[in-house]
Amino acid sequence: MKHKILNKVPSLSYFICSLAGIGYFPKAPGTFGSLASVVLAWALIHRIGFSFISFCALLLALLVLGIIASTQILKKNKSKDPSFIVIDESVGQWIALLPCYDLSFFWWIIALIGFRLFDIWKPGPIGWIDQRTTGSPLLRSFLVMADDMLAGIVTALLILGAYCLFGSN
């Protein structure tokens with residue numbers, strides 16, 4: 001099912017923000033966006049050989065690209081956080097994966113589950129950021145990304161703590 005706005009304003013911004021169409025999945029687009037992001041990160045690091053610094057640079061580039069592209073969409077779309085925008089899930093998921101860089105796939109799965117839990121549940125400041133809806137399209141784009149970034153940071157910190165307590169798997 002195509003979104004009406006996509007028919008009116010086709011652009012690269014929609015392709016980027018929907019992660020090449022994943023955001024248009026009828027059920028759980030955010031979860032599928034996170035899952036695709038984990039698979040892509042695993043391939044970049046473990047198959048292509050991205051260094052930690054290269055992965056962080058790509059994460060930063062994805063964040064900037066996501067803000068720019070979602071700003072273009074939010075200029076035309078008054079929705080707070082359109083469900084088809086899932087690039088924010090990708091950024092948040094990659095943040096959650098940062099402590100997993102050299103860890104086993106078990107920790108990557110924990111990062112996926114943890115990030116999705118925090119992104120859906122939205123406790124405390126994550127939910128507060130998610131409820132901010134006013135401002136310019138640029139500010140709204142940053143806020144769309146910010147709640148997922150914070151969910152990723154919280155997940156990353158919990159993974160670091162769990163790894164310190166329980167060690168490798």
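Reply: Here is a quick look at salt bridges and a surface patch.
This is a predicted model, so local features need pLDDT of at least 70, side-chain atom pairs count only at pLDDT 80 or more, and totals for chains, interfaces and linings use all residues. Residues are numbered from 1 along each chain as its sequence is written, and side-chain values use heavy atoms, with hydrogens and water left out.

Me: How many salt bridges does a search of the whole structure find?
Reply: Five. A salt bridge here is a side-chain nitrogen of Lys or Arg within 4 Å of a carboxyl oxygen of Asp or Glu.

Me: Which residues are linked in a network?
Reply: Salt bridges link K80, R116, D119, K122, D130 and D147.

Me: What does K122 form a salt bridge with?
Reply: D147 is one partner, with the closest N and O atoms 3.0 Å apart. K122 sits in the loop between α6 (105-121) and α7 (124-131), and D147 in helix α8 (residues 137-166), so the pair ties together parts 25 residues apart in sequence. Helices are DSSP runs (H or I, at least four residues), numbered from the N terminus. D119 also pairs with K122, at 3.1 Å.

Me: Is D147 buried or exposed?
Reply: Buried, at 1% relative accessibility. Buried means under 20% relative accessible area, exposed over 50%, partly exposed in between (1.4 Å probe, protein chains only). D119 is buried too, at 4%. K122 is partly exposed, at 23%.

Me: New topic. Where is V39?
Reply: V39 is in helix α3 (residues 29-48). V39 is exposed, at 53%.

Conventions
Helices (H or I, at least four residues) and strands (E, at least two) are DSSP runs, numbered from the N terminus.
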